[in-house]
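I opened this entry to log what I looked up, one topic at a time. The structure goes in first.

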Amino acid sequence: MPPSSCSLPSMGRCNRPYSGFLVSRSPWTRIGRMMPWILLSTPLAVLSYFLIWYVPPFENGKVVWYLFFYCLFQSLQTCFHVPYSALTMFISSEQKERDSATAYRMTVEVLGTLLGTAIQGQIVGMANAPCLPGPGDIVANLSNSSMSVGLNASEPAISLEHTRTAYMIASGVICLIYILCAVVLFFGVREQKESCRLRSEPMSFFQGIKLVMGHGPYTKLVMGFLFTSLAFMLLEGNFALFCSSTLGFRNDFQNILLVIMLSATLAIPFWQWFLTRFGKKTAVYTGTSSVVPFMILVVCIKSNLIVTYIVSFFAGVGVAAAFLLPWSMLPDVVDDFQVQNPESTGHEALFYSFYVFFTKFASGVSLGISTLSLDFAGYISRGCSQPEEVHLTLKVLVSAAPVALIIVGLCILYSYPINEERRQGNRKLLQEQRDNEVDSETDSTELANTV
């Protein structure tokens with residue numbers, strides 16, 4: 001099967017809406033409402049992730065082993081990611097502070113992705129088996145067969161045990177980073193209890209779905225970014241294979257991926273300034289469409305390593321916009337919902353859980369499309385060369401298909417109704433609601449003291 005994505009499919013993504021429902025009904029504790037989920041899920045998630053890469057000492061039942069621990073990891077990761085994402089709504093009630101927190105969060109997330117890509121890629125890359133020459137390679141290099149044999153004989157053999165050890169080391173390092181980040185989050189972030197106002201009456205899971213998906217701005221935002229996320233996931237999932245197979249940079253694609261993630265990390269502060277200066281909707285159109293020329297350029301030029309690095313750098317700038325802007329706009333939708341439904345509160349985690357669900361859904365669709373397309377085109381696993389149909393399919397997956405999906409997503413976002421004027425109006429209305437709540441609580445306290 002073709003390695004069309006650098007991450008495994010999100011088999012456990014279907015429990016994300018329900019986990020958001022459970023988080024939204026969690027009571028306030030001494031350490032907050034979101035933090036207990038993060039604290040309890042971290043050690044189990046780390047253990048299950050490590051066991052995904054462990055090779056059990058038995059042959060029968062390996063599929064069940066990996067399926068069980070992968071689904072367990074996805075479920076535990078959901079218990080971490082949903083409250084972690086929704087935490088933005090509970091550390092401040094000010095839009096400007098939440099936008100700043102979102103920018104810092106996404107910068108560190110991209111930096112973490114960069115670190116994970118570097119660790120996994122460099123450690124595992126040293127233990128990757130060499131490519132296998134196909135019939136076409138043998139015929140083409142028949143005159144140089146003696147020299148090829150000599151080179152292959154001089155290369156050190158990479159054993160299966162060596163590869164297993166490399167994966168175990170890489171997973172162990174990532175587990176340590178996971179624990180370190182969870183510790184920093186726990187001791188460095190505090191939920192504001194006053195942000196957790198009295199919630200409305202508990203509702204069923206399906207009532208929550210109807211409530212969330214019935215909010216028009218939220219539906220348009222989710223659908224728009226479902227298409228744009230799918231576009232960027234197709235690009236990210238197939239770009240490494242495109243570089244190694246079609247462009248011929250088999251030994252450089254790890255560094256090309258690092259350039260993309262590094263430029264994305266550096267570009268997030270720029271997009272944060274841009275959305276503050278020109279508005280979020282303008283930033284969405286500018287940031288998402290900025291990557292389109294480079295998607296087209298990378299498949300039109302001939303194989304050139306320098307040009308590929310330049311294209312990768314500017315593609316990372318667009319990836320930064322795709323990372324930051326959806327999460328920056330989501331709190332505005334939650335605020336808009338609270339303005340229109342002042343009696344219905346405490347549903348922030350539901351909005352974030354469905355957002356995470358649709359993001360992971362796009363990841364699964366991207367993986368399915370890529371795998372089936374490359375398999376249909378005749379992809380040769382570990383082949384030194386691929387059929388021409390595979391090269392054409394990769395060009396479609398990293399250029400034509402993402403460009404079309406971006407256009408569809410931007411057309412949907414055109415009808416997104418929350419502009420800067422409405423956003424500022426919502427901010428004033430919410431502030432008035434909070435002031436009225438404070439006045440009401442003060443009057444109640446004075447009356448109680450008088451009595």
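How many disulfides does the count come to? I took a disulfide as a pair of cysteine sulfur atoms within 2.5 Å. By this rule I got zero disulfides. C71 counts as partly exposed because its relative accessibility is 27%. C300 is exposed, at 59%.

Ground rules: this is a predicted model, where local features need pLDDT of at least 70 and side-chain atom pairs pLDDT 80 or more, while totals for chains, interfaces and linings use all residues. Numbering runs from 1 along each chain as its sequence is written, and side-chain values use heavy atoms, without hydrogens and water.

Next, the overall fold. I found 17 helices and zero strands, taken as DSSP runs (helices H or I, at least four residues; strands E, at least two) numbered from the N terminus. Of the 451 residues, 46% are buried.

Then helix α8, residues 160–188. Its 29 residues should span 42 Å at 1.5 Å a residue, the expected span being 1.5 Å times one less than the number of residues. The end C-alpha atoms are 42 Å apart, which agrees. Its buried residues include T163, A166, A170, C175 and Y178. An α-helix has 3.6 residues a turn, so residues three or four places apart point the same way.

Last, F314. I placed F314 in helix α14 (residues 305–340). F314 counts as partly exposed because its relative accessibility is 35%.

Notes:
Buried < 20%, exposed > 50% of the residue type's maximum accessible area, 1.4 Å probe, protein only.
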